[in-house]
Amino acid sequence: MKPFKRVFLIVLDSVGIGEAPDAEQFNDSGADTLGHIAAHMNGLNMPNIGQLGLSNIRKIKGIEQSAKPMAHFTKMQEASNGKDTMTGHWEMMGLHIEQPFQTFPDGFPDDLIQTLEAKTGRKIIGNKPASGTEIIEELGEHHVKTGDLIVYTSADSVLQICAHEAVIPLKELYEICETARALTMNETYMIGRVIARPFVGEVGHFERTSNRHDYALKPFGRTVMNELADASYDVVALGKISDIYDGEGVTSSIRTKDNDDGMEKFIQSMDDDFHGLNFLNLVDFDAKYGHRRDPQGYGEALEAFDRRLPEMLAKLQEDDLFIITADHGNDPVHHGTDHTREYVPLLVYHNQITEGKQLAIRDTFADIGATIADNFGVTLPVNGKSFLKDIK
């Protein structure tokens with residue numbers, strides 16, 4: 001069997017499939033994103049992913065186990081020390097993260113805030129974990145009157161800077177974020193992303209715009225994406241993929257607004273004639289529903305994804321490989337608002353599979369990157385073992 005010409009990789013952001021063996025070390029005993037959502041919904045209506053073999057990995061209420069799975073299936077354990085988006089994605093492309101990105105449940109240190117105020121010439125308000133929409137409602141009026149910067153964080157390793165586009169022009173906001181990024185790239189802070197969060201509107205009717213911009217740390221080493229790009233293969237990044245890797249190894253990038261837009265643009269991109277990797281992250285599962293502890297919304301979003309799945313499968317060509325996985329968990333009925341340390345599902349499909357089989361449980365997400373590198377004949381990452389021979 002010849003190498004696959006195109007590999008399509010979809011990350012269902014935060015869709016964990018049960019607590020990892022080391023979940024207790026992360027205060028995540030009992031976490032089960034898919035299981036608890038399915039229980040809340042009294043069963044998930046996802047027949048298409050069920051046919052691929054999701055419930056064959058482990059039984060999910062409402063999703064029938066397939067007697068003849070269309071895809072190869074298993075689950076993966078994260079090897080790196082962390083449970084955030086960047087750690088999961090970086091590991092997927094072959095890196096191993098020993099030092100976790102820092103989070104700031106009590107807000108950022110005074111010295112960082114004071115330095116940022118001095119360098120930007122603007123006072124800072126907020127400085128606490130918060131929902132992006134709620135903190136605009138709380139502090140937006142004050143910001144509009146004073147020009148003070150709204151700074152907040154979340155359960156992730158992020159420093160978010162929020163400003164009204166009519167008060168602080170986008171150019172200035174982006175420059176402020178670049179300043180914050182430069183201040184937080186050292187081991188003292190180890191912040192994964194600085195995010196510009198512009199908004200518009202009047203008091204009581206503020207809304208965030210699509211002019212968000214992420215300033216991520218660069219990966220600490222070469223990834224499989226770097227190897228592909230350097231070998232003149234295409235690496236198409238959809239959604240926040242390019243931001244996660246700070247553009248490293250990306251040959252073209254397509255912005256998306258939400259899950260629906262991401263799936264639409266992904267399906268459109270399947271008509272393109274390229275040779276390499278097409279990589280999509282669907283962020284709404286995590287950002288809109290996991291962190292906000294909304295199992296109903298999460299379940300409905302999962303079912304919406306499943307309804308679009310047949311369109312994706314119908315566009316796959318004979319030399320395409322299709323992979324569905326996740327980067328961590330975010331159990332919407334778990335305590336707090338943080339990610340959860342869980343196994344993630346792995347479904348691997350191509351048109352020449354007569355009957356899917358269970359693959360060995362993977363010890364690291366890097367097995368995906370190793371498999372992609374193996375397929376295209378580029379340097380394999382030090383971390384990860386290719387399962388290419390097991391899926392052909």
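Which residues does Leu228 touch, not counting residues up to four places away in sequence? We'll start there and then move on to the annotated sites, keeping in mind that this is a predicted model.

## Leu228 and its surroundings

Leu228 sits in helix α8, which covers residues 224–230. Setting aside residues up to four places away in sequence, Leu228 touches Tyr233, Val235, Leu277, Ile372, Phe376 and Val378. Its relative accessibility comes out at 0%, and since anything under 20% is called buried, Leu228 counts as buried.

For a sense of distance, take Gln160, which is 68 residues from Leu228 along the chain. The C-alpha atoms of Leu228 and Gln160 are separated by 32 Å.

## One annotated site: Asp13, Asp327 and His328

UniProt, in an unreviewed entry, has a "binding site" annotation that covers Asp13, Asp327 and His328. These residues span 316 residues in sequence, but no two of their C-alpha atoms are more than 7.2 Å apart, so they gather at one spot.

Asp13 is in the loop between β1 (6–12) and α1 (33–40). Asp13 is buried because its relative accessibility is 0%. Beyond residues up to four places away in sequence, Asp13 touches a list that includes Thr85, Lys240, Leu282, Tyr298 and Asp286, along with its annotated partners Asp327 and His328.

The side chain of His328 has a polar contact with the side chain of Asp13 at 3.4 Å, and another with the side chain of Asp327 at 3.3 Å. Leaving aside neighbours within four places in sequence, His328 is also in contact with Ser14, Val15, Gly16, Lys83, Asp84 and Thr85, among others.

## Another annotated site: Asp286, His291 and His339

UniProt also places a "binding site" feature, again from an unreviewed entry, at Asp286, His291 and His339. They span 54 residues in sequence, yet no two of their C-alpha atoms are more than 8.4 Å apart, so they gather at one spot as well.

His291 is in the loop between α11 (284–290) and α12. With a relative accessible area of 15%, His291 counts as buried. A polar atom of the His291 side chain lies 2.7 Å from the backbone oxygen of Thr337.

His339 is in the loop between β12 and β13 and is buried, its relative accessible area being 1%. The side chain of His339 reaches the backbone oxygen of Lys83 at 2.8 Å.

How do the two annotations connect? His339 is in contact with His328, as well as with Asp286 and His291. Asp286, meanwhile, is touched by Asp13 and is also in contact with His328.

## The nonpolar cores

The largest nonpolar core has 86 residues, and Phe305 and Phe322 touch the most other members. Helix α12 (residues 295–314) gives the most to this core, with seven residues. There is also a second, separate core of 22 residues, which includes Ile161, Leu173, Tyr189 and Tyr215.

What is Phe305 in contact with, leaving aside its neighbours within four places in sequence? The list is Ile10, Leu12, Ile49, Met263, Leu282, Phe285, Met312 and Ile324. Leu282 and Phe285 turn up among the contacts of Asp13 as well.

## How α1 and α12 pack

Two packed helices are described by the angle between their axes and the distance between the axes. Here, the axes of α1 and α12 come within 9 Å and cross at roughly 100 degrees. Angles of 65 to 115 degrees count as roughly perpendicular, so that is the label for α1 and α12.

On the α1 side, the contact is made by Thr33, Leu34, Ile37 and His40. On the α12 side, Pro295, Gln296, Tyr298, Gly299 and Leu302 make it. Tyr298 is another of the residues touched by Asp13.

Note on methods
Residues are numbered from 1 along each chain as its sequence is written. This is a predicted model: local features need pLDDT of at least 70, side-chain atom pairs count only at pLDDT 80 or more; totals for chains, interfaces and linings use all residues. Side-chain values use heavy atoms; hydrogens and water are left out. UniProt positions are given in the numbering used here, feature names are shortened, and annotations may be inferred rather than shown by experiment. Helices (H or I, at least four residues) and strands (E, at least two) are DSSP runs, numbered from the N terminus. Buried means under 20% relative accessible area, exposed over 50%, partly exposed in between (1.4 Å probe, protein chains only). Contact means heavy atoms within 4.5 Å. A polar contact is a pair of N or O atoms within 3.5 Å; within protein, one must be able to donate a hydrogen and the other to accept it, and residues adjacent in sequence count only if both atoms are side-chain atoms. A nonpolar core is a set of buried Ala, Val, Leu, Ile, Met, Phe, Trp, Tyr and Cys residues joined through side-chain atoms within 4.5 Å. Axes are lines fitted to C-alpha atoms, for helices over the stretch in contact, and angles run from 0 to 180 degrees between N-to-C directions. Angles under 35 degrees count as roughly parallel, over 145 as roughly antiparallel, 65 to 115 as roughly perpendicular and the rest as oblique.
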